[in-house]
Amino acid sequence: MNGEKDTIEKRGYKIDCRKDGVFLTILPFTQSGTILDVTDILNFIEKKQIKNYNKDVILEAFEKSDGLEYKIAEAQGEFIINATIKVKVSDNKMKATIVVIPPEGGAMLSSKEIISILNNEKIVFGLDYNTIDTISKFPVYNQEILIAQGIEPVNGENGRMEYHFELSKDRTPKLLEDGRVDFRQLDLIENVHAGDVLITAIPPTPGTPGKNVFGEEVPAIPGKPVVLPKGKNVEISEDGQKLLASIDGQVVVADKKVNVYAIYEVSGNVDNSVGNIDFVGNVVVKGNVLTGFSIEAGGTVEVQGVVEGAVIKAKGDIILRRGMQGLNKGVLVAGGSIVSKYIEHSNLTAAGDIKCEAIMHSNVQCGGTLELGGKKGLIVGGTAKARKEIIAKVVGSPMATVTELEVGADPAQRERYKALKEEIATTEGEIKKADQAIELLKKLEALNKLDDAKRVILMKSIKTKLYLSNKLNKLKNEFVEIERKLDEEGNGKIKVQNIIYPGVKITIGSSMMYVKENIKYATLYRDGAEIRIGQYEK
């Protein structure tokens with residue numbers, strides 16, 4: 001009896017052949033947990049070789065599924081059924097599963113019989129013989145069981161590039177303790193000569209094939225060859241495996257391409273006699289850069305005089321031997337680092353480091369370290385944001401000049417974070433307006449007052465809401481990702497060798513504090529949600 005109970009609970013139904021007839025019992029789903037199809041029951045009745053059954057009664061029993069007996073045929077001998085298995089192979093042919101159908105008065109399959117059925121289905125590789133043996137001895141009915149698994153192919157590795165010049169060379173000049181910058185040993189230029197090998201392409205690998213459950217080989221995807229980043233004044237060798245310099249000059253990686261540039265030199269000032277400069281290589285100015293003029297360079301910009309309220313943009317470094325009096329108009333944007341004697345009333349952005357002796361009343365952003373060295377080591381007024389560290393001797397002034405320092409986050413990421421926050425709020429407002437329009441038009445539709453023109457508006461409103469909803473989802477995903485990065489990166493430090501005056505606002509990651517009394521010889525860092533003040537670290 002227990003065996004019958006187990007069978008009906010696992011299968012969800014049973015056929016009972018007795019002297020007074022053949023009876024069908026179907027359990028409710030809540031008792032069996034098995035989703036049935038009437039076709040399964042009819043197939044099973046056919047397998048039992050029950051004759052002259054009443055299909056209408058079977059459909060009624062299936063419809064009710066109330067656990068009661070329904071007579072479906074007159075009394076007849078019961079046909080014994082041994083256990084069987086259903087075999088299923090995944091679409092990619094890498095996995096095979098079986099479902100064991102319980103016997104009806106018959107026997108369970110032996111492991112040899114299971115293997116024979118699988119082999120007849122052409123499943124010959126990756127068989128799990130231990131599982132097969134266990135199922136044969138301790139059957140588990142009506143459950144899908146993984147019985148064979150292929151070996152996935154190992155795809156080939158993509159080709160790669162071997163660089164023969166220094167990609168991450170530190171081209172920023174060093175500030176000396178006395179405040180001078182050593183411009184004689186800058187080593188700024190990566191000199192190459194025509195015919196020099198800049199990059200060698202390493203070929204891809206073919207990968208290792210796998211095998212599916214049918215014993216068929218599954219080919220691996222070979223790696224992709226690299227595309228040499230050919231820029232200006234370079235050429236590809238005859239065998240296609242090397243990138244060569246075609247002229248003497250400086251090698252510069254710009255816009256993900258390798259270029260060799262010459263140098264553009266201005267012997268005097270950048271003024272009306274010269275005009276604005278837009279050059280693909282390095283620019284050297286022997287004199288000053290006057291207010292209202294601009295320099296854009298694909299490499300490094302070096303100015304030996306003073307920069308006034310000018311705009312200088314370089315994909316490499318910007319080096320000002322003297323300094324910048326920006327007059328609230330000066331702008332420096334560097335794809336590398338910025339080095340200057342002093343900066344006043346200017347806006348600076350550098351992907352790398354910024355090194356100065358003094359920065360006054362300016363707005364500074366750098367993706368690396370902001371270092372104030374030399375005799376003064378001063379930063380006062382304005383804002384300064386650095387991803388890694390801010391190192392200075394004096395921050396602020398005895399007059400409590402408002403000065404804001406921020407470390408521990410990529411300034412560009414933080415700006416994007418603020419912009420996303422505003423864009424999300426705007427988009428949510430637009431969705432709300434679209435919802436209001438849709439609701440109003442739906443009410444008119446329900447009252448049969450929706451003419452063709454309003455129907456067009458309704459369709460447009462629905463499409464607009466769909467577009468805005470997709471946009472909002474993308475914005476929120478990006479917002480969450482940037483928020484996570486900002487939180488993870490909040491481990492920058494502010495090191496002050498001398499003093500921080502009151503009036504200074506400190507932000508490290510997502511933590512913030514206002515300086516209300518003098519802080520001397522200190523390192524400020526974040527500990528959890530708090531900003532701690534420790535001893536000065538060299």
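Which side chains of strand β1 (residues 13–18) point to one face and are buried, and which point to the other? Tyr13, Ile15 and Cys17 form the buried set. Buried stands for under 20% relative accessible area, exposed for over 50%, and partly exposed for the range in between (1.4 Å probe, protein chains only). Helices (H or I, at least four residues) and strands (E, at least two) are DSSP runs, numbered from the N terminus.

The model is a predicted one: local features need pLDDT of at least 70, side-chain atom pairs count only at pLDDT 80 or more, and totals for chains, interfaces and linings use all residues. Residues are numbered from 1 along each chain as its sequence is written, and side-chain values use heavy atoms, with hydrogens and water left out.

Strand β1 belongs to an open sheet of three strands, ordered β1-β2-β3. The pairing is antiparallel. Two strands count as paired if DSSP finds at least two bridges between them. Strands of a sheet pair through backbone hydrogen bonds, either parallel or antiparallel. β1 and β3 are the edge strands. Each has a single partner strand, so one side of each is left without a neighbour in the sheet. Neighbouring strands are turned by 30° against each other on average, direction ignored. Axes are lines fitted to C-alpha atoms, for helices over the stretch in contact, and angles run from 0 to 180 degrees between N-to-C directions.

Between β1 and β2 (residues 21–26) there are six bridges, in the antiparallel sense. A hairpin of two residues joins β1 to β2. Two bridge pairs can be named. Lys14 is partnered by Thr25 of β2. Arg18 is partnered by Gly21 of β2.

Two helices are placed against these strands. α3 lies across β1, β2 and β3, and runs at about 30° to β1. α4 packs on the sheet and touches β2 and β3. The direction of α4 makes about 160° with that of β3. Contact here means heavy atoms within 4.5 Å.

The buried residues of α4 (55–64) are Val57, Ile58 and Ala61. They cover an arc of only 105° around the axis, which puts them on the same side of α4. The arc is that of the directions from the helix axis to the C-beta atoms. The cover over these buried residues includes β2, α3 (38–47) and β3. Asp56 and Glu63 are exposed, on the face turned away from the buried side.

Both ends of α4 can be described.

Ser65 follows α4 and has a positive phi, near 45°. Ser65 sits in the loop between α4 and β3 (69–73). Its relative accessibility is 17%, so Ser65 counts as buried. The side chain of Ser65 reaches the backbone oxygen of Phe62 at 2.7 Å. Neighbours within four places in sequence aside, Ser65 is in contact with Ile26, Leu27 and Pro28.

Positive phi values also occur elsewhere. Lys122, a residue other than glycine, has a phi near 75°. Lys122 is located in the loop between α5 (111–120) and α6 (129–137). At 58% relative accessibility, Lys122 counts as exposed. His361, not a glycine, has a positive phi of about 50°. His361 is placed in strand β28 (residues 358–366). At 38% relative accessibility, His361 counts as partly exposed.

Another open sheet has four strands, in the order β8-β10-β15-β14, with antiparallel pairing. β8 (160–163) and β14 (234–236) stand at its edges. Each has a single partner strand, so one side of each lacks a neighbour in the sheet. Neighbouring strands of this sheet are turned by 20° against each other on average, direction ignored. β8 pairs with β10 (residues 197–202) over four bridges, in the antiparallel sense. Within that pairing, Met161 has Ala201 of β10 as its bridge partner.

Notes
A polar contact is a pair of N or O atoms within 3.5 Å; within protein, one must be able to donate a hydrogen and the other to accept it, and residues adjacent in sequence count only if both atoms are side-chain atoms.
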